[in-house]
Amino acid sequence: MKRIFLLFCFLWMSAIIVAQEENFKVGDSIPNFKLWLTDGTRLTQEDIKDKVVVFKFWFTACLPCVIDIPPLNELVIQMEARDDILFVAPALDRKEPIFEFLDKHPFVFKIAYSSMDVSEVFNKKQVYPSYFVIDKKGKFAYVDSGSKQSHFMPLKKAILKALEE
């Protein structure tokens, strides 16, 4: 009985600690990160200096993550003439399943694979899809971790604002 009580207390305290973890807020500096992209390159916080970066954290079996790909592709196409913005989609999946997925669902973001470690840092609540816009100074300009919005106007406004600054 005592073991069950101690186990219950441990689980309860763990749940409280996890629930108190907050995602980053607008204006916070981004943490260090290292992503491996499917094109064979690496991306770190040093590589994104003086650029606006749009991160979409996702995985291939996440239906909401898949549904929003076409409007995100349109957003990338609208801004393709700019050289001061990067669209990056860190996925939890390994490289092979991502390639299989992309054969059926084209996604024009730069895709990072096996990104759970970076996702755990950026997306502390582990809600998918999650979106983060990083401004040219390396600060969060937009954080959407699980609002499940059906349109991308707030994301687009945040991108345009960050590009102006």
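These are my notebook entries on a predicted model of one protein chain.

**Conventions.** I number residues from 1 along each chain as its sequence is written, and my side-chain values use heavy atoms, with hydrogens and water left out.

**Confidence.** I looked up pLDDT, the predictor's confidence in each residue from 0 to 100. The chain has a mean pLDDT of 84, and 83% of its residues reach 70 or more. For residues 4-21 I found values below 50, and this stretch has two contacts in the model beyond near neighbours in sequence; contact here means heavy atoms within 4.5 Å. Where pLDDT is low, the predicted coordinates should not be read in detail.

**Whole chain.** I took helices (H or I, at least four residues) and strands (E, at least two) as DSSP runs, numbered from the N terminus. The chain holds six helices and seven strands, and from the N terminus their order is α-β-β-β-α-α-β-α-β-α-β-β-α. For burial I used relative accessible area: buried is under 20%, exposed is over 50%, and partly exposed is in between (1.4 Å probe, protein chains only). Of the 165 residues, 42% are buried. Among contacts with a separation of 6 or more, 65% link residues 24 or more positions apart. The accessible surface, by the Shrake-Rupley method with a 1.4 Å probe and, for residues, only the protein chains shown as cover, comes to about 9800 Å². Carbon and sulfur atoms account for 59% of that surface.

**Strand 3.** I next went to residues 52-57, which form strand 3. Six of the six residues are buried, so the strand is largely enclosed by the rest of the structure. I checked each face: V52, V54 and K56 are buried on one side, and V53, F55 and F57 are buried on the other. For pairing I required at least two DSSP bridges between two strands. Strand 3 runs parallel to strand 4 (residues 85-90), with four bridges joining them, and V54 stands opposite F87 there. With strand 6 (residues 130-134) the pairing is antiparallel, over five bridges; in this pair F57 stands opposite S130.

**D68.** Is D68 buried or exposed? I found D68 buried, at a relative accessible area of 6%. D68 sits in the loop between helix 2 (63-67) and helix 3 (69-78). Setting aside neighbours within four places in sequence, I list K56, P129, Y131 and F152 as the contacts of D68. K56 is one of the buried residues of strand 3.

**P129.** P129, a contact of D68, is in the loop between helix 5 (116-122) and strand 6. The peptide bond from Y128 to P129 is cis, with omega near -10°.

**Positive phi.** Q126 lies in the loop between helix 5 and strand 6. Q126 has a positive phi of about 55° although it is not a glycine, and I noted this residue as partly exposed, with a relative accessible area of 28%. S114 is in the loop between strand 5 (110-112) and helix 5. The phi of S114 is positive as well, about 50°, although S114 is not a glycine. S114 is partly exposed, at 38% relative accessible area.

Notes
Predicted model: local features only at pLDDT ≥ 70, side-chain atom pairs only at ≥ 80, totals over all residues.
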